Amino acid sequence: MDHLLKDILDSPKLPDYVEELKLYLQQEEAKRNAFYENVRDDEKAEFINGEVIYHSPAKEKHSVIVDNLKYIFQRFVRKNRLGVVRVEKALVKLRRNDFEPDICFFRREIADTFQPDTMFYPVPDFIIEVLSASTEKRDRGIKYVDYALNGVKEYWLVNADKKLIEQYLLDKESFVLTEKIQHGTIRCKVLEGLEIPLQAVFNENSNETFIKEMS
């Protein structure tokens, strides 16, 4: 049991804490519903721990990597009829928070439940976040914890400056670092058979060549 939780359970003020938490969660849920009503299609926004987080426009290096990964994953997933890949604007609704991952994959049996008007997406099997100065703390913090707690099987953190990918796999309710790759290829575990040269992630020409080889 968590030490903080044990201290609360042992406290004579436990009933007061419970009431305070109930009130807090009610207020947070009201904020969350307001977020759903007011969020716009043309802005990237997330609801994290009771607060609406708006994201600044992406830098070119970020956009290049997201596009390169999108082309690779969509080609592989569609060719093998494995499910769907969504990019940036898919709002993933978890128990408490709502995130818009840079790249996420849903296996076929989940993707088949999506409707034309689907706005809130369930837990993906696989998520990629491309790090930036404004998002790295959350990508390594609340998202890292929350994705694992909700059952995301594989998580990649992509560093544009170092041209490096960290690969994490789910172990019970937490992620374990499996690979930290700066050269060679990276093997996706959720999408068996997908091996990606790192150059195809960070370089558009290499990406185009790799996509042709996949066809």
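Author: Rings of Phe, Tyr and Trp (its six-membered ring) pair if their centres lie within 6.5 Å; planes under 30 degrees apart count as stacked, over 60 as edge-to-face and the rest as tilted. By this rule, the count here is 16 aromatic pairs. The model is predicted: local features need pLDDT of at least 70, side-chain atom pairs count only at pLDDT 80 or more, and totals for chains, interfaces and linings use all residues. Residues are numbered from 1 along each chain as its sequence is written, and side-chain values use heavy atoms, with hydrogens and water left out.

Reader: What makes phenylalanine 126 and tryptophan 156 an edge-to-face pair?

Author: Their centres are 5.1 Å apart, and the angle between the planes is 80°. The limits are 6.5 Å and over 60 degrees, so the pair is edge-to-face. Phenylalanine 126 is in strand β8 (residues 126–130) and tryptophan 156 in strand β9 (residues 154–159), 30 residues apart. Strands (E, at least two residues) and helices (H or I, at least four) are DSSP runs, numbered from the N terminus.

Reader: Why is phenylalanine 126 called buried?

Author: Buried means under 20% relative accessible area, exposed over 50%, partly exposed in between (1.4 Å probe, protein chains only). Phenylalanine 126 has 1%, so it counts as buried. Tryptophan 156 has 0%, so it is buried too.

Reader: How do you know that tyrosine 144 and phenylalanine 175 are edge-to-face?

Author: Their ring centres lie 5.5 Å apart and their planes meet at 65°, so the pair is edge-to-face. Tyrosine 144 belongs to helix α6 (residues 142–149), and phenylalanine 175 to strand β11 (residues 174–181).

Reader: Is tyrosine 144 buried or partly exposed?

Author: Tyrosine 144 has a relative accessible area of 21%, so it is partly exposed. Phenylalanine 175 has 6%, so it is buried.

Reader: Why does the charge of lysine 93 count as sitting over the ring of phenylalanine 120?

Author: The rule asks for NZ of Lys or CZ of Arg within 6 Å of the ring centre and within 35 degrees of the ring normal. The charged end of lysine 93 sits over that ring, 5.2 Å from its centre.

Reader: What makes a set of residues a nonpolar core?

Author: The members are buried Ala, Val, Leu, Ile, Met, Phe, Trp, Tyr and Cys residues, joined through side-chain atoms within 4.5 Å. The largest has 30 residues; Phe73, Trp156, Leu194 and Ile196 touch the most other members. Helix α3 (60–79) is among the elements that give two or more residues. With seven, α3 gives the most.
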